[in-house]
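Let us walk through this structure from the inside out. Start with a strand, then follow its neighbours.

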Amino acid sequence: MRPTAEEIERLLVGTPAHHTRGEVAAEAGVSQELAERIWRALGFATLADDAVAFSDADVVALRRVRKMLDSGLLDEPTVIRMARALGQTTSRLAQWQAEIMVGAMLPPDVQPSDADLARILETSQQLLPDFEHVLIHVWRAQLAAAGTRLLAIADINDDLVPGRVSLAVGFADLVSFTRRSRELSERELAELVEGFESRAADVVAVHGARLVKTLGDEVLFTAPTPAQAASIALDLVKTGELRIGMAYGPVLPVMGDVFGTTVNLAARLTAIARPGTIVVDADLAEGLAGDGFELHRIRRRPARGLGVVQPYVLRRSAP
């Protein structure tokens, strides 16, 4: 028999729903308005006033939020931003993991039966305690890594305007992705994209930098220093048919992403790079001086919205 939504929630969440949204807010000691803002920030739909959709675990979570607010350590806007970060990240994580489980347990291109769905759900329930412990461990380790990166950036950026830091920003782009997407089946295309993203993530991690986001045929990464960014780009170019553009300068970190002229310049340089090449701006090239990298100045050219720029082609130094 096909699992119902109630069965899925009971098996994965654990505690049954028996509160309305007004009741869960009252039990937790927070205003209904704040509770609704938190649920929306977490990515959950707004339900009718009389819908019984909240569990005792929701009450406990809201009580923890109230405790943070009462302590004065966080204010409401910060709590909402934290909730939005949590909701968006875990939503993508859960969807991704669900797709991996289905792909691992079912033959390709086969419509799952009710029995298949029940088997996947049962396996997920068995794995859930281990996944949960690993998730908390990795999250803490990622927090530590983020803190370490911030310290490294702070050492380099003592004189910058608050909220802006100098970073090397790079875009790596799969060449001829549109043409290849027309030639490949959906499954082959998915394997191409996942393989590209996996290789990029591994290379960026090895060099202690950060993969900011993936955009299907393109990845965006940042590194504290030009030398780290150059090493990443040179290793990435070896993994496939790519073109890479990089720039160094001030960026504005917002919601886990990065913005600003430096990011836009890196994107423009990617567009002018030839397949298999790395193009960098003058500031990043200057930052690599004396580090053993090979740089070749090419002709100046206009970059949309940024005026005329002086690009350099980066290559690995001859042994």
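Strand S3 spans residues 165-174, and ten of its ten residues are buried, so S3 is largely enclosed by the rest of the structure. Buried means under 20% relative accessible area, exposed over 50%, partly exposed in between, with a 1.4 Å probe and protein chains only. Strands (E, at least two residues) and helices (H or I, at least four) are DSSP runs, numbered from the N terminus. This is a predicted model: local features need pLDDT of at least 70, side-chain atom pairs count only at pLDDT 80 or more, and totals for chains, interfaces and linings use all residues. Residues are numbered from 1 along each chain as its sequence is written, and side-chain values use heavy atoms, with hydrogens and water left out.

Both faces of S3 are covered. Val165, Leu167, Val169, Phe171 and Asp173 point one way. Ser166, Ala168, Gly170, Ala172 and Leu174 point the other way, and all are buried.

S3 has antiparallel partners. Strands pair if DSSP finds at least two bridges between them. Ten bridges link S3 to S6 (residues 242-254), where Ala247 stands opposite Val169.

Now the largest nonpolar core. Such a core is a set of buried Ala, Val, Leu, Ile, Met, Phe, Trp, Tyr and Cys residues joined through side-chain atoms within 4.5 Å. The largest has 32 residues; Ile232, Leu236, Ile244, Met246, Ile278, Val280 and Leu314 have the most contacts inside it. Elements that each supply at least two residues include S3, S5, S6 and H9 (226-237). H9 gives the largest share, seven residues.
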